[in-house]
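Have the structure open as you read.

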Amino acid sequence: MNVKVQSVQFDADQKLLDYVDKKVGKLSQMADNILSAEVILRLDKSETNENKIAEVSLDVPKLTGLFAKRQCKTFEEAVDLSVDALKKQLVKAKEKQRD
């Protein structure tokens, strides 16, 4: 699976990029037919601590709308929650295809 990471308004360090690649790459265990994933990391302009946003979208044949967006204190936490949400979406999509 091809994972594309884009950081908006900041430069992501290699450690963060590796973390995102590892976590999003695990989604390929849920579905073999995932073509690619696009991850957008951005900083919110709000003054709160939870100003890190991670948006993850998947490109899967025959499935549309696989997208998750989470806002947390750290990018790692936001990516984790987004991946968890996408896992649930993949399970639901598989169940619908079986029916």
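## The negative patch

D13 counts as partly exposed because its relative accessibility is 44%, where partly exposed sits between buried (under 20% relative accessible area) and exposed (over 50%), using a 1.4 Å probe and protein chains only. You'll find D13 in the loop between β1 (2–8) and α1 (14–25); helices here are DSSP runs of H or I with at least four residues, strands are runs of E with at least two, and both are numbered from the N terminus.

D13 teams up with D18, D21 and E76 in a surface patch of negative charge. To join a patch, residues need over 30% relative accessible area and no salt bridge, with like charges joined within 9 Å. A salt bridge is a side-chain nitrogen of Lys or Arg within 4 Å of a carboxyl oxygen of Asp or Glu.

## The positive patch

There's a patch of positive charge on the surface too, made up of R70, K88, K92 and K96. Helix α2 (residues 75–98) gives the most to it, with three residues. K88 lies in that helix, and it counts as exposed because its relative accessibility is 60%.

## A look at L81

L81 is also in helix α2, and at 36% relative accessibility it counts as partly exposed. Skipping neighbours within four places in sequence, L81 is in contact (heavy atoms within 4.5 Å) with R70 and C72. Q71 is ten residues from L81 in sequence, and their C-alpha atoms are 9.0 Å apart.

## About the model

This is a predicted model, so local features need pLDDT of at least 70 and side-chain atom pairs count only at pLDDT 80 or more, while totals for chains, interfaces and linings use all residues. Residues are numbered from 1 along each chain as its sequence is written, and side-chain values use heavy atoms, leaving out hydrogens and water.

How values were computed. Patches are made of residues with over 30% relative accessible area and no salt bridge: like charges are joined within 9 Å, nonpolar side chains (Val, Leu, Ile, Met, Phe, Trp, Tyr) within 5 Å. Accessible areas come from the Shrake-Rupley method with a 1.4 Å probe; for residues, only the protein chains shown count as cover. Lys and Arg count as positive and Asp and Glu as negative; His and the chain ends are not counted. The place of a charge is taken as NZ of Lys, CZ of Arg, CG of Asp or CD of Glu.
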